[in-house]
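Q: Can you walk me through this model? I'd like to go from the overall fold down to single side chains.

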Amino acid sequence: MNFVSTRGRAPELDFAGALLEGLARDGGLYVPDALPKLPSEMPSSYVDVAAVVTELDIAVLRDAYATFDHPDVCPVAQLDDGVWVQELWHGPTLAFKDVALQLVGRLMDAELERRGERRTIVVATSGDTGSAAIAACVGRANLEIVVLHPEGRCSDVQRKQMTTVHEPNVHNIAIAGTFDDCQDLVKGMFADEVFRDELQLGAMNSINWGRVLAQIPYYVTGQMAIGASCTFSVPTGNFGNVLAGWYARRIGAAIDRLMIGTNANDILARWVSTGALVATDVVPTWSPSMDIQVSSNLERLLFELLDRDGARTAELMVRFREVGSVEAPRDPMFAAASVDDRETIDVIREVYERYGYLADPHTAVGIGAAWKLRRDGERVVCLSTAHPSKFPDAVRKATGIDPPIPDRLAAALGGEEEYETLDNDLDAVKARVRALCRVT
């Protein structure tokens, strides 16, 4: 299987090349040139399903998911007759990003070892990707990581999970701006080919195909747990998580629809409703990991919906970045709903009162969207993307209780923080990354 850029002007790569390259040299995202189909009979364990879906070495998969605290890796819990929750947060940093990054970190490090190379990983995070990427890089001899997070726009817990890791290959920088600003800085570093090659940049954001690939298996196991076709409701920011569901359906998973749950930063809900992508200012919410207006992974879907025409995709994306508004094709399998802060708190409270289940605010957005969009008789699996202890203020406001703190999180909360703050200035950030990282 080879991988092509959504903008059609970068060279095709094999899987290892796409994994290490991250963002294509033409500014596009890598996608496979063909998709496999699921066999008629599937194994039962998560690791075995992941091996079938990803076609990766089962030994690497076993090693990655041995870091999770549940034998099913991504277990499913039933709330009522028509709604289930799939918990994706049983990994080292208590967020769904671990499902992909525990695998991606191992794959990258092994390939770099084989090549005798190193990479500087640069990551933009709205909260959870940063700590998960750091956890994936700690102890990896061939990886250095710099994480950019928006100053004051992550929860205290999310920030401390990143900034209390004191390892020589880990660097944290707060950017005076939004997640979209951090994401633009990362793309700007990749766009400077001299800088990119000098620092040997790599990516662990969901612009990396390895991230999307590693998330497809839990859609397959989630549907298998229901035992019938179902719909998934996905709290959505950068579009990578729900896109993995779209690919899962393409390879044969029995998925009826995909529900997109957004918070007040509802560009995706408006796009599904109207066909127009219109960017507005990012507003802070109770679900900060979704405080995004420019959803990078949407480009992969648009490429598919534009008949894999790289030139048309590039034209559309450039126009959107220039004017902030564009008409974009849609897939009718998507439904979408916006769940604002008041509704998010109400959902957390109601889920706890009805079922005794504590949901974090992102999971609550997914559940709230499912309640708004579910059809009679429809089976909906809501993806639970973070442990409630990562967002104690929202849970406390909704329920009056403090969520239990797992031991792995308590250590981070009590640690000493170390990070620096920079302006949203590409040249300044590049200079600091160059000073921090030396690739040999």
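**Inside the fold**

A: The buried residues of helix H2 pack against helix H3 (58-65), helix H4 (97-115) and helix H9 (209-226). Contact means heavy atoms within 4.5 Å. Helices (H or I, at least four residues) and strands (E, at least two) are DSSP runs, numbered from the N terminus.

Q: What ground rules apply to the model and its values?
A: This is a predicted model: local features need pLDDT of at least 70, side-chain atom pairs count only at pLDDT 80 or more, and totals for chains, interfaces and linings use all residues. Residues are numbered from 1 along each chain as its sequence is written, and side-chain values use heavy atoms, with hydrogens and water left out.

Q: Which residues of H2 are buried?
A: Tyr46, Val47, Val49, Ala50, Ala51, Val53 and Thr54. Buried means under 20% relative accessible area, exposed over 50%, partly exposed in between (1.4 Å probe, protein chains only). That is seven of the nine residues of H2 (residues 46-54), so the helix is largely enclosed by the rest of the structure.

Q: What follows H2?
A: Glutamate 55, with a positive phi near 60°.

Q: Zoom out. How many helices and strands are in the chain?
A: The chain has 18 helices and 15 strands. Its radius of gyration is 20 Å, close to the 22 Å that the globule rule gives for 440 residues, so the chain is as compact as a globular protein of that length. The radius is taken over C-alpha atoms, and the rule is 2.2 Å times the number of residues to the power 0.38.

Q: What box do the C-alpha atoms fill?
A: Roughly 55 × 50 × 45 Å, along the principal axes. Buried residues make up 62% of the 440 residues. Among contacts between residues at least 6 apart in sequence, 75% join residues at least 24 apart.

Q: Now charges. How many salt bridges are there in the whole structure?
A: A search finds 29. A salt bridge is a side-chain nitrogen of Lys or Arg within 4 Å of a carboxyl oxygen of Asp or Glu.

Q: Which residue does arginine 196 pair with?
A: Glutamate 21, with the closest N and O atoms 3.4 Å apart. Arginine 196 lies in helix H8 (residues 193-199) and glutamate 21 in helix H1 (residues 15-21), so the pair ties together parts that are 175 residues apart in sequence. Both residues are buried. A network of salt bridges links Glu21, Arg25, Glu193, Arg196 and Asp197.

Q: What about glutamate 111 and arginine 115?
A: Their side chains form a salt bridge at 2.7 Å, N to O. Both sit in H4, four residues apart, about one turn of the helix. An α-helix has 3.6 residues a turn, so residues three or four places apart point the same way. Glutamate 111 is buried at 12% relative accessible area. Arginine 115 is partly exposed at 35%.

Q: Is aspartate 180 buried or exposed?
A: Buried, yet it has no salt bridge. The nearest side chain of opposite charge, arginine 321, is 6.8 Å away. Lys and Arg count as positive and Asp and Glu as negative; His and the chain ends are not counted.

Q: Which backbone nitrogens lie by the side chain of aspartate 180, then?
A: The one of glutamine 293 lies 3.0 Å from a polar atom of that side chain. The one of valine 294 lies 3.5 Å from a polar atom there. Aspartate 180 itself is in helix H7 (residues 179-191).

Q: Where is threonine 125?
A: In the loop between strand E5 (119-124) and helix H5 (128-137). Threonine 125 has 1% relative accessibility, so it counts as buried. A polar atom of its side chain lies 3.3 Å from the backbone nitrogen of threonine 129.

Q: Last one: what is the phi of leucine 94?
A: Positive, about 65°, although leucine 94 is not a glycine. Leucine 94 sits in the loop between strand E4 (83-87) and H4, and is buried at 2% relative accessible area.

Q: And phenylalanine 239? What is the phi there?
A: Positive too, about 75°, and phenylalanine 239 is not a glycine. Phenylalanine 239 lies in the loop between strand E9 (230-235) and helix H10 (240-250). At 1% relative accessibility, phenylalanine 239 counts as buried.

Methods:
Polar contact = N/O pair within 3.5 Å; in protein donor to acceptor, adjacent residues only side chain to side chain.
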